[in-house]
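The following explanation is intended to be read alongside the sequence and the three-dimensional view. Please keep both at hand.

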Amino acid sequence: MAERLRFSQSPDGQNARTKLFGLGSAGCNMIEPATYPKVAVSTSSADLDRSGAERRILLGQDRLVGAYHTDRSVLKQMPSIVGHEVMDLFNNTDLAFLMCGLGGISGSLGTKVFSTLAQSKGTLEIVLAATPFSAESTRRREFAKRILGELLETSAVCVEFGNDQLSTLAPNVPLSKAFSLMNSIMLRPVMELCATASKLDIGPLGRVIGDSSYGRFGLGMARGDERVERVVDEALSSPWFDYDLAETDAGIVIYSSSDPWDKEMESILGSLDSHLPRCRMICGSYADPALGDRIRLSLILCRTL
Ligand SMILES: Nc1nc2c(ncn2[C@@H]2O[C@H](COP(=O)(O)OP(=O)(O)OP(=O)(O)O)[C@@H](O)[C@H]2O)c(=O)[nH]1
Ligand SMILES: [Mg+2]
């Protein structure tokens with residue numbers, strides 16, 4: 001069996017200090033409903049005007065493009081190139097979530113630059129990126145693909161949410177509904193990690209992920225007899241797990257119920273082992289009274305490219 005760690009969940013363990021960054025128009029939309037400390041970043045003042053984030057950062061497009069083209073090692077050594085106002089956003093932050101839709105300028109270049117800045121400040125960064133529908137322009141899709149490739153090389157983790165696959169979860173919904181549905185799905189891993197990760201977990205989390213930076217997400221909910229088997233099946237049938245799951249190298253596994261118990265967590269892990277034979281795992285659980293008699297399983301599964 002591959003390595004398996006638990007989130008510390010020590011009663012006196014301090015919660016990890018998390019921060020949510022929305023980059024570009026899509027990113028600003030994605031973070032809007034969240035109640036965690038959040039920062040909206042864009043080259044467009046319209047995005048920031050409609051944002052309720054407590055920090056709103058307007059970046060000039062030239063400055064952003066300049067920072068993107070600055071060699072990563074230089075940017076890491078001299079993060080102040082982007083200005084102290086931007087650098088200070090990472091103060092007192094253990095874990096940063098960078099959310100965006102790839103394909104435009106602000107979200108794509110912004111996420112790339114902010115990921116480097118987070119690293120320079122010792123903050124673990126998790127990128128959650130939507131990639132364009134195939135109906136969007138070839139230019140946009142090509143650009144998104146290129147930036148995704150760069151993020152997979154340089155970020156700690158980049159979880160890709162293909163917009164196209166969403167249509168298998170919710171066929172025939174209009175675009176605006178599809179986007180808001182996607183935005184709420186993309187916030188789920190943020191909520192799970194904010195509920196479980198303590199400061200002590202950040203190091204182990206980074207180590208479990210290692211070089212396996214290409215993440216995908218799956219969610220399951222189940223109730224009744226055999227709810228363990230069914231929650232695992234549903235989470236693993238995520239449309240974003242469209243590769244051979246046996247190739248999964250690392251996973252973040254979070255289980256919740258109104259009253260989580262260790263034995264149920266162990267059964268879930270036992271069931272996952274047979275599907276993910278070489279996957280290093282870090283697992284956690286938390287109580288969510290709103291679940292009633294259901295249980296929920298969130299999986300971020302990562303591969304090395
Ligand atoms: N999930 C989700 N995706 C979106 C949303 N809005 C746009 N997208 C996707 O995100 C991609 C990038 O679009 P934007 O966020 O508008 O682009 P931007 O980062 O603001 O870039 P510029 O406007 O060029 O500076 C699009 O090609 C869509 O696929 C949204 O609200 N939710
Ligand atoms: Mg925009």
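The paragraphs below treat the ligand site, then the salt bridges, then a surface patch.

This is a predicted model, in which local features need pLDDT of at least 70 and side-chain atom pairs count only at pLDDT 80 or more, while totals for chains, interfaces and linings use all residues. Residues are numbered from 1 along each chain as its sequence is written, chains are lettered from A and ligands numbered from 1 in the order in which they are written, and side-chain values use heavy atoms, with hydrogens and water left out.

Ligand 1 is surrounded by 20 residues, the closest being Ala26, Ser106, Gly107, Glu136 and Arg140; a residue is counted here if one of its heavy atoms lies within 4 Å of the molecule. A polar side-chain atom of Arg140 is 2.7 Å from an oxygen atom of ligand 1. A polar backbone atom of Ile105 lies 2.9 Å from an oxygen atom of the ligand, and an N or O atom in the side chain of Asn183 lies 2.8 Å from a nitrogen atom of ligand 1. On its own, ligand 1 has 650 Å² of accessible area (Shrake-Rupley method, 1.4 Å probe), of which the protein covers 84%.

Side chains of opposite charge can pair when their charged atoms come close. The whole structure holds 17 salt bridges, each defined as a side-chain nitrogen of Lys or Arg within 4 Å of a carboxyl oxygen of Asp or Glu. One of them joins Arg296 to Glu192 at 3.5 Å, N to O. This pair links distant parts of the chain, 104 residues apart: Arg296 belongs to strand S11 (residues 294-303) and Glu192 to helix H9 (residues 175-196). Helices (H or I, at least four residues) and strands (E, at least two) are DSSP runs, numbered from the N terminus.

Arg296 also forms a salt bridge with Asp288, with the closest N and O atoms 2.8 Å apart. Arg296 is buried at a relative accessible area of 5%, Glu192 is buried at 1%, and Asp288 counts as buried at 17%. The classes are buried under 20% relative accessible area, exposed over 50% and partly exposed in between (1.4 Å probe, protein chains only).

On the surface, Val74, Met78 and Ile81 form a nonpolar patch with about 230 Å² of accessible area together. Such patches take residues with over 30% relative accessible area and no salt bridge, joining like charges within 9 Å and nonpolar side chains (Val, Leu, Ile, Met, Phe, Trp, Tyr) within 5 Å. Ile81 counts as partly exposed, because its relative accessibility is 40%.

Notes
Polar contact = N/O pair within 3.5 Å; in protein donor to acceptor, adjacent residues only side chain to side chain.
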